[in-house]
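Take a look at the model below.

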Amino acid sequence: MLKQMDGSLAVARAVALCRPEVIGAYPITPQTHIVEGIGEMVKAGELENCEFINVESEFAALGVCIGASATGARTYTATASQGLLYMAEAVYNASGLGLPIVMTIGNRSIGAPINIWNDHTDAMSMRDAGWIQLYVETNQKAVDVHIQAFRLAELLSCPVMVCMDGFILTHAYERIDVPEQEQVDRFLPSFEPVQALDPDSPMSIGAMVGPEAFTEVRYLAHHKQLRALELIPAINEEFKNIFGRDSGGLIKTYRAEDAETIVVAMGSVIGTIKDVVDELREEGVKIGVLAIRSFRPFPASCLREALRDAKRIIVIEKSFALGMGGIVSTNLRTALGNSTTPICSVVAGLGGRAITRRSLHNLFRKARKDELRGTYFLDLDCAVVKRELAREREKRRSGSTAENILKDVGVVDAANPF
């Protein structure tokens with residue numbers, strides 16, 4: 001059924017269609033509307049047999065989900081940014097215990113300095129926590145991938161994050177094809193847990209494991225991720241047969257068949273890149289796009305095949321490792337092994353900075369002239385950076401970098417800052 005709604009409500013309805021039995025809820029911008037939406041459905045009786053538990057923190061939200069999932073309940077939560085960091089210990093516990101929890105990440109930057117807008121730094125901080133990480137481009141895909149995420153999590157007995165860009169998607173209104181309950185029931189059967197705590201059949205979960213067996217336990221967690229490389233495309237095919245949409249899978253290419261330059265990215269920026277690619281194609285430029293939909297597991301084999309004939313690869317990523325560079329591009333270089341294809345890492349959109357078509361045109365023009373070297377920061381104001389570096393050299397107590405920059409760019413009045 002077609003409906004006009006924002007991304008948060010669309011995800012709330014998708015999660016409700018999956019018939020979760022326990023929701024651990026704690027609000028944090030920009031995912032608050034998701035758990036609010038589910039809470040309203042539970043209160044109105046639209047979502048039956050579901051316990052909605054308001055808790056005191058993000059750590060408690062995932063703690064509730066871990067306990068509920070361990071008893072065999074279908075569980076869900078959502079968070080973002082500092083909230084994800086606050087639950088970090090539990091994030092590792094959920095995957096280590098093999099619990100099929102589904103969690104939405106409304107991707108947001110991490111402070112300090114405080115910033116509530118979108119980038120991928122939060123999810124990237126948990127990239128090696130043992131959760132599957134799926135990224136979506138649109139709100140329709142967010143709806144569809146959440147439904148697929150429950151199926152994947154429960155087949156593997158492994159937690160899954162669905163990463164959707166905060167505000168850009170969570171607060172954006174789009175026309176959404178909301179699935180029918182009968183369709184979802186046909187795709188997602190009742191949850192049959194691989195393991196479940198049962199008083200009638202006592203067992204323990206979460207035993208201490210020493211060096212005699214820890215490596216084997218961790219290897220099997222890695223093996224589970226490798227199995228996901230086969231299951232994610234298979235589940236997407238099943239979904240397509242029932243719902244008629246291709247929303248999941250490991251990767252997705254656009255006009256990349258004969259492309260000399262291929263732009264690799266994740267999330268909502270794919271739409272803007274596609275528009276620029278269409279404009280450049282009209283000028284005869286052979287350029288295409290590759291969207292990474294599954295970041296964990298990392299689809300190395302698919303990427304090698306899809307990028308085999310590219311003469312140049314540009315990775316646009318909304319996060320980076322300080323002191324190292326682009327995280328996605330580093331993973332990609334590892335995946336491509338001995339390939340000699342130049343890979344340009346472009347850090348863009350940090351803290352919600354707009355990634356405009358004009359900036360992308362300039363970027364791709366430089367790339368075609370081989371003018372990009374190392375890690376490139378899109379739209380970096382070099383004058384502001386140089387001014388702050390000079391200030392730090394010249395004055396011992398030059399003040400906080402963030403506050404100094406705010407004065408330099410005119411957000412704060414330098415003469416009357418307070």
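**Calls and cut-offs in a predicted model**

Q: Which residues of α9 are buried?
A: This is a predicted model. In its helix α9, the buried residues are Q225, A228, L231, I232, I235, N236, F239, I242 and F243.

Q: What covers the buried residues of α9?
A: The cover includes β6 (132-135), α7, α8 and β12 (294-296).

Q: How do you know what span to expect for α9?
A: α9 has 30 residues.

Q: Where does α9 have a kink?
A: The kink lies at L229, shortly before the proline P233. Its angle is about 35°. Just after α9, G244 takes a positive phi of about 75°.

Q: Why is the pair of F187 and F243 called edge-to-face?
A: Two values decide it. The ring centres are 5.9 Å apart, and rings pair if their centres lie within 6.5 Å. The planes of F187 and F243 stand at 80°; over 60 degrees counts as edge-to-face. The pair is therefore edge-to-face.

Q: What does the pair of F187 and F243 tie together?
A: F187 lies in helix α8 (residues 181-187) and F243 in helix α9 (residues 214-243), so the pair ties together parts that are 56 residues apart in sequence. Both F187 and F243 are buried. With F239, they form one aromatic cluster. R151 lies over the face of F187, at 5.2 Å from the ring centre.

Q: Why is the pair of Y76 and F150 called tilted?
A: This is one of six aromatic pairs in the structure. Y76 and F150 are 6.4 Å apart, centre to centre, with 35° between the planes. Stacked needs under 30 degrees and edge-to-face needs over 60, so the remaining label is tilted. Y76 sits in strand β4 (residues 75-79) and F150 in helix α7 (residues 139-156), so parts 74 residues apart in sequence are tied together. Both Y76 and F150 are buried.

Q: What makes D128 and R296 a salt bridge?
A: Their side chains meet at 3.2 Å, N to O. The cut-off is 4 Å, so the pair counts. D128 lies in the loop between α6 (121-125) and β6, and R296 in strand β12, so the bridge ties together parts that are 168 residues apart in sequence.

Q: Are D128 and R296 buried or partly exposed?
A: D128 has a relative accessible area of 46%. That falls between 20% and 50%, so D128 is partly exposed. R296 has 13%. That is under 20%, so R296 is buried.

Q: Why does R186 count as exposed, and E182 as partly exposed?
A: Exposed means over 50%. R186 has 52% relative accessibility, so R186 counts as exposed. E182 has 47%, so E182 counts as partly exposed. Their side chains meet in a salt bridge (3.3 Å, N to O). Both lie in helix α8, four residues apart, about one turn of the helix.

Q: How do you know that K252 and D246 form a salt bridge?
A: Their closest N and O atoms are 2.8 Å apart. That is within 4 Å, so the pair qualifies. K252 is partly exposed, with a relative accessible area of 38%. D246 is partly exposed too, at 26%.

Methods: Residues are numbered from 1 along each chain as its sequence is written. This is a predicted model: local features need pLDDT of at least 70, side-chain atom pairs count only at pLDDT 80 or more; totals for chains, interfaces and linings use all residues. Side-chain values use heavy atoms; hydrogens and water are left out. Helices (H or I, at least four residues) and strands (E, at least two) are DSSP runs, numbered from the N terminus. Buried means under 20% relative accessible area, exposed over 50%, partly exposed in between (1.4 Å probe, protein chains only). A charge sits over a ring if NZ of Lys or CZ of Arg is within 6 Å of the ring centre and within 35 degrees of the ring normal. The expected span of a helix is 1.5 Å times one less than its number of residues. The bend at a residue is the angle between axes fitted to the seven residues ending there and the seven starting there. Contact means heavy atoms within 4.5 Å.
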